[in-house]
Amino acid sequence: MMNEESSSPASSNVVAQFFKRLGQIYQLQLDKWTPHTKVRWAAALGLIGLFLLRVFTKQGWYIVTYALGIYHLNLFIAFLTPKIDPAFDLDDDQGPELPTKANEEFRPFIRRLPEFKFWYAISKSTVIGIVCTFFDMFDVPVFWPILVLYFITLFCITMKRQIKHMIKYRYLPFTHSKPRYQPVATEK
């Protein structure tokens, strides 16, 4: 009786160590992928393509596709939005603005959802969507053109509101080019 009780914590310790090690290996792989932005996004687009291919070939799972599209739209809006929303950060009567002149203080654009977390959430949700297409209980019969029209309407309204917000508070969430400084040549 005593041996059975003492072996139980040891076996649960082995299981806990296994999952801890598995988590460490997973995190190591994510850390290795971090600097490879273009490859990560190509893989994410490949996953989305695989998901869409499965939906089109099987002619079903439109609700899963709609839910995935809404979730991706939500992530995209969080990616475009500044971490500190200028609409809520009222310093003066006109509200805060990003610097527009060279003599104003520079405040970098910090996203509410960083690029890596955006990629990770899109990849993870797409994999979950692909897994859902293997179960018939998620294949709810719907008239898919209505979902497409509703998604397009929702996308247009949401992006219009986001673009108005960007214009009102004068911020651009994308940088086209990073300034490059040439090394100063020293005379000998």
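This passage describes the helices of a predicted model and the setting of threonine 133.

Residues are numbered from 1 along each chain as its sequence is written. Because the model is predicted, local features need pLDDT of at least 70 and side-chain atom pairs count only at pLDDT 80 or more, while totals for chains, interfaces and linings use all residues; side-chain values use heavy atoms, with hydrogens and water left out.

The chain holds five helices and zero strands (DSSP runs, numbered from the N terminus: H or I of at least four residues for helices, E of at least two for strands). Of its 188 residues, 26% are buried, meaning under 20% relative accessible area with a 1.4 Å probe and protein chains only. Among contacts (heavy atoms within 4.5 Å) between residues at least 6 apart in sequence, 83% join residues at least 24 apart.

Threonine 133 sits in the loop that links α4 (115–132) to α5 (144–168). This residue counts as buried because its relative accessibility is 0%. Leaving aside residues up to four places away in sequence, threonine 133 touches Phe51, Arg54, Val55 and Trp61. With arginine 54, the side chain of threonine 133 forms a side-chain polar contact of 2.8 Å (a pair of N or O atoms within 3.5 Å; within protein, one able to donate a hydrogen and the other to accept it, with residues adjacent in sequence counting only if both atoms are side-chain atoms).

How values were computed
Buried < 20%, exposed > 50% of the residue type's maximum accessible area, 1.4 Å probe, protein only.
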